[in-house]
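Open the model in your viewer and keep the selection tool ready.

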Amino acid sequence: MEGQELPYVLIDCIRGKHGVHEDYVEFLEKHFHLITMKEYLENKEFLSEKIRAIFMWYHRPVITAELLQTLPNLKIVASSGMGIDHLDLDLLSSYGVKLSNTPFVVSTDTADLGMALMLACSRRLVEGYQMAVSPDTEYFPSDWLGSEVSGMTLGIVGMGTTGYKVAQRAKAFEMKILYHNRHQRNKEEESAVGATYCKKIDDLLQQSDFVLLSVSLTPQTHKLIGKRELELMKPTATLINISRGLAVDQDALVEALQNKIIKAAGLDVTYPEPLPRDHPLLKLKNVLITPHIGGATKKTHRLMMENMVESIQASLAGLPVPNEVLL
Amino acid sequence: MWYHRPVITAELLQTLPNLKIVASSGMGIDHLDLDLLSSYGVKLSNTPFVVSTDTADLGMALMLACSRRLVEGYQMAVSPDTEYFPSDWLGSEVSGMTLGIVGMGTTGYKVAQRAKAFEMKILYHNRHQRNKEEESAVGATYCKKIDDLLQQSDFVLLSVSLTPQTHKLIGKRELELMKPTATLINISRGLAVDQDALVEALQNKIIKAAGLDVTYPEPLPRDHPLLKLKNVLITPHIGGATKKTHRLMMENMVESIQASLAGLPVPNEVL
């Protein structure tokens, strides 16, 4: 609309270690008048009433009661990514502020990373690479072996959008697919990927060569995989976690890996991230850790940002908000 | 013959008058002198199919690891110097991209089956076009000219057998036809690629990256430029390196030897 300035949107920082990637700043500035936290703090009196939305990128800026108190015209917090476990939903609700996330755009690339971890663990990719490039390598031993992926049994814990995409991919590897979920999926969905429902997680754990976690983090899924679950798994099994570090009892996992209760783990997520540099998980040979890169592709970041812009614009226009998280 | 040993020479064959068959492990036969064996009336068998599934899996593993920067990511996750994970650290997507398969035999076809589930667009170049059912089962489009495949692909995956025709199949010309954002994946034989041209292409960003399970020689000399390039992921020829495949290879070889000695048709005979 003519004469109207762009909406003022609070963002933690532009560029820098927690900031939005350089390539995308221009895109955002077409739609919003971006105010960084630094700028906000320097000019609170003028800006506090102008800010109508918060663009929360990778959990920043942190939302506190103090911040909300000073932003009387804040309508919405648009949060990047799928998880909302870093937010105080009651707090937002009490201030009448809406919340949106980007639950679906990360799912394809996250499913891809789940497959990448499964393959890399089984085929010992990192070890193999290290041998291939090591200054000490004189020959490749013919008895250096990994484990197969094709034809093995995959147990998916949490068959939401991401878990289902993992199942679609795993099916092409002729894997036998079991799944455990709050609700059973319908017959068409199940047969499209050849997945069998395990009402009891124990059944899945006992039969799976790979156990892949793709749950959302809730009070029910906190430490979902603990000592008991790890002991139910096969000693030849690999745990893959692409959900949240807190879905696993990390100390129990360390013990299970050290004592060969399970064979290996591929973790895109830990608690915290990064782990302290002296953490036992960093020293275990049978652990492959990646730095929470499930959604870390240019395409996904661009889609996330487009979604967030849409959610903010809809909210400010008084329209139904795409990807709204109902509080 | 396990992993190319013992080496077969004329001297050896001369001293083994009752030798009926050489059973060679794995798919490749480029390490053997076929004329020599033939001249002594010795049969040859290999194990062409059993390695194909795990090799296809490794091809997918390399594609994913290269694109998502798995090794770099792991190194950052465990490095003593890491204090935080930067939010602008990005890889490239695999799902939805275009895969060009050069050599659509058993292994190449299994790669196509897997890639289809990642919603990849699949192009292929092969000595012969596959039939319509096979093509539509994996959604693959034939490129009679390899140039068409090279120009359109985000990933070029080599799964040819090594023959005089495929020797240095991918050279300077082919690399220059590839997109600058493309990744070369080789799960066939090191000699199917002009390795010096590859080094140059990677150094000059003619292509983006390479994932190589095979090189020439293996291992590479420790001062070889490929070992120093950041955009190269090398694995030590582990396409068929799983317990299951090794067991199957051995079972196949035993069968071939037994059939030959019993005067029966030899499974997996190389004519």
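Domain bounds here come from an automatic or database domain assignment. This is a predicted model: local features need pLDDT of at least 70, side-chain atom pairs count only at pLDDT 80 or more, and totals for chains, interfaces and linings use all residues. Residues are numbered from 1 along each chain as its sequence is written, chains are lettered from A and ligands numbered from 1 in the order in which they are written, and side-chain values use heavy atoms, with hydrogens and water left out.

**Stop 1: the domains of chain B**

Colour domain 1 (10-46 + 242-262) and domain 2 (51-234) of chain B separately. Their C-alpha centres lie 31 Å apart. Seven residues from domain 1 and five residues from domain 2 make the contact (heavy atoms within 4.5 Å). Together the two domains bury about 530 Å², 58% of it on carbon and sulfur atoms. Buried area is the accessible area (1.4 Å probe) that two parts lose on being put together, summed over both. Now select B:Met27, B:Asp30 and B:Thr245. These supply 73% of the area that domain 1 buries against domain 2, more than any other three residues.

**Stop 2: a helix pair between chains**

Helices (H or I, at least four residues) and strands (E, at least two) are DSSP runs, numbered from the N terminus. Select helix H8 (residues 161-172) of chain A and helix H5 (residues 106-117) of chain B. Their axes are 7 Å apart, at an angle of about 170 degrees. Axes are lines fitted to C-alpha atoms, for helices over the stretch in contact, and angles run from 0 to 180 degrees between N-to-C directions. H8(A) and H5(B) are therefore roughly antiparallel (over 145 degrees; under 35 counts as roughly parallel, 65 to 115 as roughly perpendicular and the rest as oblique). Show side chains: A:Gln168, A:Arg169 and A:Ala172 meet B:Gln113, B:Arg114 and B:Ala117.

**Stop 3: a helix pair within chain A**

Move to helix H1 (residues 22-31) and helix H13 (residues 298-316) of chain A. Their axes come within 11 Å and cross at roughly 15 degrees. H1(A) and H13(A) are therefore roughly parallel.

**Stop 4**

Most residues other than glycine have a negative phi, and most peptide bonds are trans. Which peptide bond of chain A is cis? Zoom to A:Glu273 and A:Pro274: the bond from one to the other is cis, with omega near -5 degrees. A:Pro274 lies in the loop between strands S11 (264-267) and S12 (287-289) of chain A. In chain B, a cis peptide bond joins B:Glu218 and B:Pro219. Finish at A:Tyr58, where phi is near 50 degrees, a positive value.
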